[in-house]
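Dear colleague,

Here is the structure I promised to hand over. Please open it first, then read my notes below.

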Amino acid sequence: MFKDYDVIVVGAGHSGSEAAAAAANLGSSVLLITMNMANIAQMSCNPAMGGIAKGQIVREIDALGGYSGIVTDKTMIQFRMLNKSKGPAMWSPRAQSDRMLFSMEWRQMLENTSNLDFWQDMVVGIVTENGKIKGVKTSMGHTIFSKSVVLTNGTFLNGTIHIGTKQFGGGRIGERASTGLTEDLNRMGFESARMKTGTPVRVDGRTIDFSKLEEQPGDETPAKFSFTNTPLLKKQRSCYLAYTSEVVHDELRTGFEFSPMFTGRIGGIGPRYCPSIEDKIDRFADKTSHQLFIEPEGWNTIEYYINGFSSSLPEEVQFRALRKIDGFQNAKIFRPGYAIEYDYFPPIQLKNTLETKLVENLFFAGQINGTTGYEEAAAQGIIAGINAHCNTQNLPEFTLSRSEAYIGVLIDDLITKGVDEPYRMFTSRAEYRILLRQNNADLRLTEKSYKIGLASKDRYIRVKQKKKVTDEILHYLNTVSVEPKVVENLLLAKGTPPISQKIKIANLVLRPQISIKDLVDRIEGLSQFISKKDKEIIDECLEESEIKIKYGGYIDKEVEIAGKLGKLEDLKLRDDFDYFNLKSLSFEAREKLSKIKPSTLGQASRISGVSPSDISVLTVFLGR
């Protein structure tokens, strides 16, 4: 029934879907195995993509030639650019998606991808020979052979669902757990542990009194995620804000004695930055209210997602507490919130390509590595998929550094520091975040992806044109001057001091109150210059030019720092290096370095327990 494949991807969530698409588009023959073909790339939790730092990741995936940004643009029902009041390093795109359309669009794109086959089954083990992957074993009794395997099992590995005192197996509610694979990997020497996540009640929108909620519309001029020619959003659905109260909290407390989290039935560690409502009440006892985001599930459904009300309390407690929230007095629910506990494999067992150190050509990506979020999973998927292909074709590995992408920060954090709770990306995790802006992801990554054959030629040409036009705009602004009279009224209206003599246009753009678009409307020569440029990319070029002028000093400084620290990254460390023989290192450093086996001195410097003096010892030893 089955041919031998180049790559087998196990699991068709966000990570598996990106991995399969990347490997197939690079030319590998790929088999995507999933337990349910109807749930490809399903949004198991909230129906949204992007957000703070996560939006940057989606744009990076798109710049590399992935599908997440395209699917989001085609299925979104609302768009907001978060943190616009802050600097551009913090701007983060976020979209509400139509949950059902999102999954359907992903499936359609995968079905239209050459070199990609599908099989509905459960993978219960892997096949190896002399420490190298040979294929997978399935619950139907099949052994399917391949040169590489990517495991993206999400929350399904021995998944256990908790609702109050009820406990049953499942990877999502209504779907069975995946069994056998963890035990098979453990027998080979892999370490595994347990994590926990959760989801809130889903509510019938016909029973919500929206007049008592605070409306949260999308941006007046919505943007998008993909750098390709995806459709712009013409209409939007609003989200809403609601708030808990002490009355709600008191009702929830009546179920604490039945909470699997408080009674010890859940042993896995939950996400710090997305705690359940009972956890928030317990940890922040001084707070009398918590904000809730009421999110529509799609264009043509009455179902609403109550973001911030995740819970594993008994369903009757959840229901009673929900009805005490203003606007929800008559609420009906579709299903209760629940917690799910599942196996993961600590990611220090991986290389920076996401290949396992123990088995050659075996890759882990997504929540199996202890992360949380669609975006983090998809980012790992595309990198694992690329490298699974590269390994089968004896091509150089594909990696991204911390100064190149949030994806680089994510993977470096995982394999260097490990995780002791579900990992979530934040802008604060990236030391070069002013370089890693959401608007310049294509300028950073598309050429790199094009060179390995993933990003299309059209994408590459577009990026070259964007860079060319941006450079031309910057040159114009830095060389052409403007007379005081031309901008006198504009400066007055914007509340910024007038000018008394001709100055370069770039000097006006430096002022925080003034944008390039303000000046285009006032300066005829600039307007004519801009009108001759490619209309499809001109807005992006103007934004990039303005950021480079206003924040040029900060950008240059980060480039300089990244260059200096990059010298550490270039110093390679051998996998078989015997750190215990280097007695000048602290014992903790020898222990940690031997376990993690960092690939570069820069990665070694970020390992907890490895001190600057230990790095100095290694630097001297390496002859630097």
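This is a predicted model: local features need pLDDT of at least 70, side-chain atom pairs count only at pLDDT 80 or more; totals for chains, interfaces and linings use all residues.

Residues are numbered from 1 along each chain as its sequence is written, and side-chain values use heavy atoms, with hydrogens and water left out.

Helices (H or I, at least four residues) and strands (E, at least two) are DSSP runs, numbered from the N terminus. Two strands count as paired if DSSP finds at least two bridges between them.

Strand β1 covers residues 5-10. Six of its six residues are buried, where buried means under 20% relative accessible area, exposed over 50%, and partly exposed in between (1.4 Å probe, protein chains only). β1 has parallel pairing with β2 (residues 30-34), over four bridges. Helix α1 (residues 14-25) carries the chain from β1 to β2, in a right-handed β-α-β crossover. Right-handed here means that, with the strands pointing away from the viewer, the path from the first strand over the helix to the second runs clockwise. β1 is also joined to β9 (residues 143-151), again parallel, by five bridges. There, V9 stands opposite V150.

**The three-stranded sheet**

An open sheet has the strand order β3-β5-β4, with antiparallel pairing. Its edge strands are β3 (48-50) and β4, and each pairs on one side only. The twist averages 15 degrees from one strand to the next. Axes for such angles are lines fitted to C-alpha atoms (for helices, over the stretch in contact), and angles run from 0 to 180 degrees between N-to-C directions. Three bridges link β3 to β5 (residues 92-97). M49 has A95 in β5 as its bridge partner.

**The second largest pocket**

The second largest pocket has a volume of about 1300 Å³. A pocket, on a 1 Å grid over the protein atoms alone, is an open set of points where a 1.4 Å probe fits, with protein on both sides within 12 Å along at least five of seven lines; lining residues have an atom within 4 Å of a point. Grid points are joined across faces, edges and corners, and a volume is the space filled by probe spheres set on the points.

The pocket is lined by 38 residues, and the closest to its centre are A223, K517, D539, E540 and E543. β4 (76-82), α12 (457-479), α15 (516-520) and α17 (538-550) each give two or more residues to the lining. α17 gives the most, with seven. By class, the lining has 14 nonpolar, nine polar and 15 charged residues. Nonpolar covers Ala, Val, Leu, Ile, Met, Phe, Trp, Tyr, Cys and Pro; charged covers Asp, Glu, Lys and Arg; the others, Gly among them, are polar.

**Single residues to look at**

- N158 is not a glycine, yet has a positive phi of about 50 degrees. N158 sits in the loop between β9 and β10 (160-163).
- N394 is not a glycine either, and has a positive phi of about 55 degrees. Its loop runs between α9 (374-392) and α10 (406-417). N394 is exposed, at 72% relative accessible area.
- E524 lies in helix α16 (residues 524-531). E524 is exposed too, at 59%. E524 and V486 are 38 residues apart in sequence and 9.2 Å apart in space, C-alpha to C-alpha.

Best regards
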